[in-house]
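Please work through the following exercises with the sequence and the model at hand. Each task is followed by a solution in steps.

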Amino acid sequence: MSVVLSTASGIIALLDEPDNDLKTYALRKLDSLVDQFWAEISDSIGKIEALYEDEEFPSRTLAAIVASKVYYHLGFLDDSLLFALGAGQLFDVSQRDEFTRTLISKSFNDYIEKRSVITEEEHKLKLKKQEEEKNKTKTIFEEEEEDSELENMLIDSDEDSEQDEGLYETKNEKITLEKTESEVIDPRLEKIINSVFRRCFLEKEFKEALGIAIEARRIDIIKEIIEMVDKTDEMLTYCLTIARKYIQSRWYRQEVLTMLLEIYESRPELDYINICDILLFLNDAERLSEILNDLLLDESTESHLNACQIGFDLYENASQHFLNELVLLLPDPIPVNKPVEKDGIVAEYTPREQKLLVYNKKMDQIKSILSGRTTINLHLQFLNRNNKTDLQNLLRLKEKTDSRHSLLTSMIVMSHGLISCGTTSDVFLRENLGWLANISNWAKFCSTASLGLIHKGHLDKAFTILEPYLPHGSGGSSPYSEGGSLYALGLINTKHGEEVTPFLLEALKNCQRNNIIQHGACLGIGLSSMAVGDMQTYEELRDVLYNDDAVAGEAAGIAMGLLMLGTGNSKAIQEMWNYAHQTEHEKIIRGVSVGMSLIMYGKEQEAEGLIEQLSSDKDSILRYGAMFTIAMAYAGTSNEKALRKLLHVAVSDVNDDVRRAAVIAIGFLLFKEPNQVPKTLSLLAKSYNNSVRFGAAMALGITCAGTANKDALELLEPLTKDLNNIVRQGALIATGMVLMQFNEKQEPKVSKIKDQFYEIVSDKYEHKMTKMGAILGAGLIDAGGRNVTISMQTTTGENDMKAIVGLAIFSQYWFWHPLTYFISLAFQPTALIGLNKDLNMPKFKVKSNAKPSLFAYPNPLVEKKKVEKKVETAVLSVTKKEQRRQEEKAEQKKNNEEDNSQMDSEEIDEKKKIEEEKENEEEKEKEKEKEKEKEKEKEKEKEKEKEGKEKEKEEKEEEEEEEILENPTRITLDQRKYITFDVDPRYKPIKESAKFGIVMLLDTKPDEDEELIEIEFDTTEKKEEEKEPEPPEPFEYFSD
Amino acid sequence: MDEQLFKLSKEFKFQVEQKQPDSIACKKLLTKLKIAMAEEGILFPGTDFPLDPKNIVFTRDVLELAVIMSVKLEDMDLFERQVSQVKPYYFDYGTEIKKSENELLILGMNLLYLLSLNRIGEFHTELELIEFESRSNPFIKFNLQVEELLLDGNYLGIQTICENPPSDLYSVFVSRLKLSIQELILDCTNKSYKSLDLKTAKDLFMMESIEEVKEMAKTNNWRIVDNKLFFENLDEDEEKIPTNKVIREIIGYAKELEKII
């Protein structure tokens, strides 16, 4: 006999019994029935709570668990958890029911929250103590220069700072007060958490446990987990990635990494590459230099290669400041005396000396790698060698552009600069000298500066190339080309200005306050001495700023920011802040506020003070700067608080510029998760406000660059047809960025958008702003000879400071077009470059396990025949019919071809012959029809493709699912996962995980001769013979 | 089943069936019994495993006795508790066993208890649980009549009907019912009259003597002057409806609405 209870009232009534045993009995019954009768029981929850609180009552825990379950059903999780904690053993964390799971996750949330608050406080208190100790030893004067978290909050005047300090203290007091009240973690909670950890260990759910431990800031547990797991390697890497990607608090991240470092170092086989990775993160240059030195002292090739690989990785990921420090810390070469020849006997080095010589050589090598020169040179070689620029595209646009229109002409030049960025190929410019002669004023500035873009990274030849344009003191050419050339010098030597900065400073002094030259020189200095933080240079720039000239001042403001990039220098901030309030030039205010944002690069919470001040300013330009400060300070962190603020400003500020900046800044915060950005921006992209839509387009462009993200393209497509011409401009540029390096096979939209660019430029009635967007977009989609992509993170996922800054300044192009060139800082060559121990490129092969056409370069546009220019003859309807028929045929043929693409090569050959014959006939018949020709061109292209494929087929008949690539090769982002290193018989990469970038190769047959790849710069040699043509004469400009 | 349980239950029965049961002994015995039953697992057994009808009948009988005991002892809290304890044995566990003779008596007492406390809502809920056929049973029918009269306000009718309750045990509840009716009447007279002469008051309040009325007046702070009872209508003006204001506002709204349309 079984019975279904319909009420628990009988049992509840038992609770009123005077006897404890009966109550316990009732509670036990209720515990088993609570899931069914919680509603009924909740009426008497007061009784149960009273039982729990009654200290005489023997089964208090039982009452607690019943109460907890009732509250759980009622949805009061806080109360539920409280009682569950009171239930002690009865709350069994190993249960798998919903109640337990919900409460556990709830308790984790609570715990994590409290832990993070507590640990932050502890850290703050610790900092404060340190501060106090420091203050004791320091005199009052020194205190002012002290650069600390506190100081950054005190930017304004002294009075304010006192107030701030006061605030800070009261806040601290408050915190300690709170701590005594609520923020002490319930030991029972901790017990539960610990028991959950134990359970995870038992069930081998280590990754989950690790994640929770990291979130809950329990370093002890993290350590325990890593030590417990056998597959320590996997766990360590997992922990490392999590720590670097998801821990937002800076000091805590460092603490975790320090702990990881200890573990890494305690292992018998040292994993140098990972250790160095962590050391870099911890900013520990000293230890890093020791490790490098040790590796170099070791005689095995492997350690040598390891050292080189670390060097390359470091250059890619570390800040300039860190690298400089590191180079200084590395020991100088040990001098070796040349052996003296004695009596005709050729003296030889002693073995020890020989060793030293080798060591010295290696040390020089490393230093050169760390200075970045090697990387830049290799990239230059790669870009030059693999240049696949298709100038036809650009010429097509140029033809359609009215040469009297200075804006669009200079845009064509800019676009060319982007296309040939780093390729050192300036054929286009040389072939179009006559056309360039039309350019004047700032357009000339831009065109001269574009030389810098084309030769970007050509450090050795910078002066030779720009010689004709540089200011020589004695009047000479126009200030625009002089200024432009100085800017170009900066672009070439970005971040490597040891040689050019003095020259630029000299030029700045000698220009007799010509604001155009000053402008160029300031930008040049900013670029070349980026993040150097040199105070003397800073003062020079500040003097320019204080002259209160709008043109020069704007550049000076930006340059100051670039120079002090990421230093958080409070003096600079203070001075710039003051000046922004003094001057009346909007341009200067804008330059300065962008500059301030750059200084705060990567400072995260430390920048809060400045952000607060700027964003509450009544000057909209400073609020605009505040948005960029958020973007810079929190770049790539996805910080929730900052994000919320940006979203708020994006929809609430009264000024359009500020709103636009806020939306763009969202892109900077989220660039590490490009897939999330379209979702975040989807509503903003449909805003009624033009500026917000433009901002959304830009943000999509910078975050999803080179990813061809479907959602992003979907959002951008309607924007390219927007009613507002500026929005169209932004969307076109962004689309260009998103589709970088994609061919039609991967993303069919590529050809569509390219046609759209062309159509927009050739449309007479289209607004010039939109045309500008189309021209730039066309430049970006094929940028750097189709061998670069835009990315704000390095290959290991670190923030790429140079790129972030470049894009931030690029987004100022809205106000000042020459700043467009800054986008080149974000260009990353997508190369795989294999190097041997002498840093030469050996002949080396890698395999790409994908269809070759998937990642092939797009086919070049075939030059149109001159027939096109003939006067169009009248076309009879008969011919039209005929034409249509032909078209249909052609289409059929095309279809057939596609169908038959799997056919044997013989068949195709035959077919092709027939086709060719047909074609010849057709050509004779219908020479005039433009459309027809296009059709044929396509066919020809197809055939070419086929031929290519056939050749490949002949080479390796077995499969066409893969492709062998020769060193150095382009490997696009999507292609990376297809790369394997198993084809080359001789070389193996030293770092297994490296599938792109610069890879050191271990030679398995060191005795054999190496086949090296020769690199020669055609263009540069030619240039030396031909020399650059004279700068074009000034041209009188008639406005139409 | 345990011998001891039987012994205990017999002793309990004996105690309860006495005319004037010993309160302390009874309660002690009951607790003992309950604990023993709980230990045996027959007090509200779980539903997962088959139940033994014998045990259910046993437990039910004990709990029924407990109800009767509480009535005899006039312990109303205990009564309410015991009723809710025995109820599952009528409805849930009861589906599988023979109906108890006392079931309707106890349920009827419960109904009357609720009526006497003026808990009409609960009264109807409980009533719904009782099978329709049982309504003609004197124990239940009595309650239905009382409720009807109560609704009509026929307090005199109640007076008469209460003179013949269906069971002696009902008398406890009947007297409670009378008291609560008296209270109701008092409440009403308070509102309807300014003064009453004592004799009328006595009849109205269904009281035995004028002395009783006087005592009542004392507890309620009513004045007695010249054999007349004066009520203190303190809360007279409290709930006056602000007629004019409401009218004015409504007309205002209407006007505004007109304008909008």
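**Exercise 1. Salt bridges**

Determine how many salt bridges the structure holds over all chains, and describe the one between A:Asp16 and A:Lys47.

Step 1. Over all chains, the structure holds 33 salt bridges, a salt bridge being a side-chain nitrogen of Lys or Arg within 4 Å of a carboxyl oxygen of Asp or Glu. Side chains of opposite charge can pair when their charged atoms come close.

Step 2. In one of these, A:Asp16 and A:Lys47 meet through their side chains at 3.2 Å, N to O. The pair links distant parts of the chain, 31 residues apart: A:Asp16 is in the loop between helix H1 (9-14) and helix H2 (20-42) of chain A, and A:Lys47 is in helix H3 (residues 45-53) of chain A. Helices (H or I, at least four residues) and strands (E, at least two) are DSSP runs, numbered from the N terminus.

Step 3. A:Asp16 is partly exposed because its relative accessibility is 33%; buried means under 20% relative accessible area, exposed over 50%, and partly exposed in between (1.4 Å probe, protein chains only). A:Lys47, at 35%, is likewise partly exposed.

Step 4. The model is predicted: local features need pLDDT of at least 70, side-chain atom pairs count only at pLDDT 80 or more, and totals for chains, interfaces and linings use all residues. Residues are numbered from 1 along each chain as its sequence is written, chains are lettered from A and ligands numbered from 1 in the order in which they are written, and side-chain values use heavy atoms, with hydrogens and water left out.

**Exercise 2. A further pair in chain A**

Locate A:Glu499 and A:Arg373, and state how they are joined.

Step 1. A salt bridge joins A:Glu499 to A:Arg373, with the closest N and O atoms 2.9 Å apart.

Step 2. This pair also links distant parts of the chain, 126 residues apart: A:Glu499 lies in the loop between helix H27 (479-492) and helix H28 (500-510) of chain A, whereas A:Arg373 belongs to helix H20 (residues 373-385) of chain A.

Step 3. A:Glu499 counts as partly exposed because its relative accessibility is 46%. A:Arg373 is partly exposed, with a relative accessible area of 25%.

Step 4. Salt bridges also form a network, which links A:Glu717, A:Lys721, A:Lys749 and A:Lys752.

**Exercise 3. Chain B**

State which secondary structure elements chain B has, and examine B:Arg119 and B:Asn110 within chain B.

Step 1. Chain B has twelve helices and three strands. Of its 261 residues, 44% count as buried.

Step 2. B:Arg119 and B:Glu122 meet in a salt bridge through their side chains (2.9 Å, N to O). B:Arg119 is partly exposed because its relative accessibility is 23%, and B:Glu122 is partly exposed at 39%.

Step 3. B:Asn110 is found in helix H5 (residues 103-116) of chain B. Is B:Asn110 buried or exposed? B:Asn110 counts as buried, because its relative accessibility is 6%.

Step 4. Leaving aside neighbours within four places in sequence, B:Asn110 is in contact with B:Phe79, B:Val83 and B:Glu126, where contact means heavy atoms within 4.5 Å.

Step 5. Among contacts in chain B between residues at least 6 apart in sequence, 61% join residues at least 24 apart.
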